[in-house]
Amino acid sequence: MADINDSVAVEAKKTAKRDALIEIEKKWQKDWKENHMFEMDMPEDTSVAPEDLHKVYPKWMGTFPYPYMNGTLHLGHAFSMSKIEFATGWERLQGKNALFPFGFHVTGMPIKAAADKIVRELEVFGPNFELPAEKVEEEDAAALSEGVSGLTVGGENFRAKKTKLTAKFGNAKHQFQIMQSQGLSNEEIAKFADAEHWLEYYPPIAMEDLDAMGCKIDWRRAFLTTDYNPYYDSFARWQFERLHEMGKIKFGKRYTIWSPKDGQPCMDHDRQVGEGVNPQEYTGIKLEVREWSEEAQQVVSAIPALAGKRVFLVAATLRPETMYGQTNCFVGVSLEYGFFAGASADEVYVISERSARNMAFQDLSPANGKVEQLGSVGGKQLVGSRVDAPLSCYTNGVYVLPMDNVLATKGTGVVTSVPSDSPDDYAALRDLKKKPEYYGIRPEWVADYEPVSVLSTPTYGDMTAPALCEKLKINSQKDRKQLEDAKEIAYKEGFYNGTMTVGDFVGQPVAEVKALVRDQLIATGQGFAYAEPDKLVTSRSGDECVVALCDQWYFDYGESEWRALTERCLAAMDTYGDETRHQFELTLGWLHQWACVRTYGLGSRVPWDQTYLIESLSDSTIYMSYYTVAHLLHRSLDGSVPGPLGITPADMDSAAWDYVLLGKPLPAGHSKSAEMDVLRRSFLYWYPVDIRSSGKDLIQNHLTFFLYIHTALFPESEWPQSVRTNGHLLLNGEKMSKSTGNSMTLRNACLLYGADAMRLTLADAGDSIEDANFEETTANAAILRMYTLLEWVTDAYAALTQSEAAPDASAQANDVLLRPASAPLTAIDRVFDAEMDALTLATGAAYKATMYREALKSGHYDFINSRKWYIDTTATTGMHPTLVRKWITRQVIMLSPITPHWSEHVWRTVMGNSTSVLRARWPADLPSEPNHALVAAGEYARSVVHSVRDAEAGLQKRSKKKGAAKADEFNPAAPKTIDIFVANKFPEWQENVIAVLKDNYDSASGKFDDKQIIASLNQKGIMKQNKKAMPFAQEIKKRVALAGPSVFDRALAFKETEIIADLVSFIENSMGYTRVAIIEQPATAELTDAQTKASEIAVPGEPSFLIANAQQ
């Protein structure tokens, strides 16, 4: 028992600091909730017109894409959301009504698909989910408590190594296994067979976790999407109705990613694999078989269904304009091909099974969605067959040949060959010509087939592919990397700069001809339109998706006028970085029609066609406007609890939403006109959205949709003001993944590190669009940092209390020493004060730019370092109470957006303020810009101390050398003295160099006349007199390029002797000097030879030193 108690005591001690901080966090979270600290309402001042309200009463609203509620929130959610959370704290410090609303997304397939899986698994495995012959090994159970972090909470670990259990559940084949891995019992899992249970179970957990993080969310505005909430349902249906009336939603046949299993489009949020993948449109080239190879003929003869049919090998190409240059076609010898019935009764296509499955949904098979396979044939058997190649100059047919890199997962598995313009084709044909026996072909199949000029480019002439293969040193088709590069170059060069050299469109630009040749091939029956997913797409139900050509409702994104309007919105918007703007521009360039309805899942019904549901990316484009009135409509996630105005879902018809959000007149005699006025006023106060922050992956869909729909429905004054994006979050430098065990939920992060340490680590993780990194070592260090700082601040305030009672006396609490408050400020005091202001200004600029790592650096790390330097340099005299109080106040305020619990505790418990730090304001006593002179003086002071240490180290090194001169003998353990020489003017040669540079500098252009500078330096003999002249001149030029012509005036902005005088006691005490003498040059007293020699190298801003053992 003693051993157990000892281990418990050790564990408690190990986590004591973290646990103490968590207790503080819980205390203030309770206080904030009880005092409704994050609930934001529009001002009640009716004397101000609604449209002017936020001018008189500044507001700010930041939003984060509502998370999907098919599980708990993880650290990645927390990272993206922290950008808005930190911004909310900053905007509050600016005196604004800062609103951070939050909702929960449940629209779409994932929840319904998962619920249906539970239904099936209950039927197959029973209520206890018993897998046949499944054995649960003992080590799997033990693995739940095997962690990699040294910190635990209540005996539980929160991130496990990849064990058998992790592998089993991380790659779970069954939905119940995934939920078991979350700690749910079988009895609880069974409830998830009802889709509504998901809506009731996960959102409250998310709210608890976000509260535990200390988020400043106004929960009154929270809601669930879909018809589960009738208020939101009416809002979603209204916007669709209006967009349909405006012609933004259209109906017609179009390509879309389709799940055959689900029988409906599979949009981004419905996908298990392949988010962001779009249909890739090809031209199917029909190569009719003239003559089968011997092996293929045997196969064909054995398939009666092929008798009397026209058989085509079908190749999928992205470059129909190059078909004039076909010399052969390629197949993969290891691939299996099928004979598939085509749309025409007498046509059969030889293609891969995957492409046949896609064609079946594009009116290219006998029956829609049905694949009719008549037989199969190996790629090797097809080699040697002869086919007709449409448009080719080789009119007697071309041969089917083998190729190393044909994929069954791309195109049809048949590749038409144009060696003049395709580097892959050229390399393969060249290999076949060199080694026909090796590849198992007859020489005559390739001997007379040479590349044919199809197009010409300025860079590569008539034969782009051969030219690129020579340039990139491509020796064979096995040089994959070079071929990939060559392929990209060839396509871009041909499309953008090429002109046709053959066919009906000679002399015309390729960019214009491409579509014309495609249309010609289709019109003559030599080709057809074909599409497939650009990459693998798997639906949430585990189905590999295809591209289907189907009648559907779609948003007409990309329509020229609408796109121009959206581009105008983007141009006026702040994106906090060029890369985000660039990604938006790219997306606007390629994004076109987008299917916006489905038949399966959860959602709101399409108003004019109740058989369809609005898809998940289409009901979430302007819901930020719903936040502005949600708290007035209802006070529960599902809308079952009415809001304070007594408005019912029935009251929120289309006319009501027209008035509230668009300002259209209400029908005469409306029964809730007064209430609608309140809603309208609230919308006008909070809109537009000031910032929307999200992961960068949403630019290609949601964020661009967000811009499009806002420009369609709202006036320009209500368009989004800014969008911020971030990269993905790594955990300890590795991608987060459940399957590897390298993942962490938000709840576990809060339990493991506490909210503030986690928040600080999120701020430290990174700000750019590149991937960020959450380091657990940083989180652990943050716990110690915050706890230690709290102890110091507590001691400092105890000393300040003493000082207030006796301002003429020194004060001390533990290690905090204060000099009398009545004492005047010294030079070091003024430097410290200036550094606080400079760092506060830098922190404010970083917060404004949403660069939170920078804010943390200047506002905490550098701020701490500045305080440490001040403590060290005033160790004997004590710090000035005024500056200590200022430092603590500034630190608490600057950290409050990132570590609000710690700041609140210090602000109210330690400092004794009666109001919350969340109502505090950014320092009003800041200068407009830093005091550069005093900041430079601080840098100078640090450099002096550093230089003294370097000088002593150098002397020690010289004294240890054999045969060292007597002047270099030095014993660091014996009493020692230092003379510090301060020069008040620069050497004459330096002044002369600067004069020459100044005379030959053009301030208008910011450039030097280098030739004249060299001539002048030589003419004055400066170059000959001092070898350092030219390097010195180059250094001054660099400084001028950075800081401007003020560099020419090298007068210091501070008095060196005053700064060094304040450092004397620090140098004596910290470095063990018995005497420190400051000697200003030129010296007024006679100097020894050693002093004279040492003083000669001193220049303004760079003192010199003479260190020696004290004379006995």
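T850 counts as buried because its relative accessibility is 4%, where buried means under 20% relative accessible area, exposed over 50% and partly exposed in between, with a 1.4 Å probe and protein chains only. The model is predicted, so that local features need pLDDT of at least 70 and side-chain atom pairs count only at pLDDT 80 or more, while totals for chains, interfaces and linings use all residues. Residues are numbered from 1 along each chain as its sequence is written, and side-chain values use heavy atoms, with hydrogens and water left out.

A positive phi in a residue that is not a glycine also occurs at T226, with a value of about 75°. T226 sits in the loop between α10 and α11 (230-245), and at 1% relative accessibility T226 counts as buried. Another backbone feature is the cis peptide bond that joins Y687 and P688, with omega about 10°; P688 belongs to the loop between α23 (673-686) and β24 (691-695).

The chain as a whole has 38 helices and 35 strands, and its C-alpha atoms fill a box of roughly 120 × 85 × 75 Å along the principal axes. Of the 1112 residues in the chain, 54% are buried. Among contacts (heavy atoms within 4.5 Å) with a separation of 6 or more, 76% are accounted for by residues 24 or more positions apart. Q29 lies in helix α2 (residues 16-34) and, at 18% relative accessibility, counts as buried; leaving aside residues up to four places away in sequence, Q29 touches D211, A212, M213, G214 and H901. Q1091, found in helix α38 (residues 1089-1095), is likewise buried, with a relative accessible area of 14%, and with the same exclusion of residues up to four places away Q1091 touches D979, F981, I1079, E1086 and L1106.

Helix α36 (residues 1029-1043) has 15 residues and reaches 21 Å from its first C-alpha to its last, close to the 21 Å expected at 1.5 Å a residue, the expected span being 1.5 Å times one less than the number of residues. Its buried residues are A1029, F1032, A1033, I1036, K1037 and V1040. Seen down the axis of α36, these buried residues fall within an arc of 140°, so they line one face of the helix; the arc is that of the directions from the helix axis to the C-beta atoms. On the other side of α36, P1031, K1038, A1041 and L1042 are exposed. The cover over the buried residues of α36 includes α33 (988-999), β32 (1001-1002), β33 (1007-1008), α34 (1010-1019) and α35 (1022-1025). After α36 comes G1044, whose phi is positive, near 90°.

Helix α5 (residues 109-125), with 17 residues, reaches 23 Å from first to last C-alpha, close to the 24 Å expected at 1.5 Å a residue. Its buried residues, among them M109, I118 and F125, pack against α8 (175-180), α9 (186-191), α10 (195-213), β4 (264-265) and β21 (597-598). G126, which follows α5, has a positive phi near 85°.

Grid points are joined across faces, edges and corners, and a volume is the space filled by probe spheres set on the points. The second largest pocket has a volume of about 1,300 Å³ and is lined by 40 residues, of which Y282, A316, L318, D424 and K487 lie nearest its centre. The largest share of this lining, eight residues, comes from α17. The structure also holds four cavities of 30 Å³ or more, and about 50 Å³ of space lies in the largest cavity.

How values were computed: On a 1 Å grid over the protein atoms alone, a cavity is a set of points where a 1.4 Å probe fits but cannot get out, and a pocket is an open set with protein on both sides within 12 Å along at least five of seven lines; lining residues have an atom within 4 Å of a point. Helices (H or I, at least four residues) and strands (E, at least two) are DSSP runs, numbered from the N terminus.
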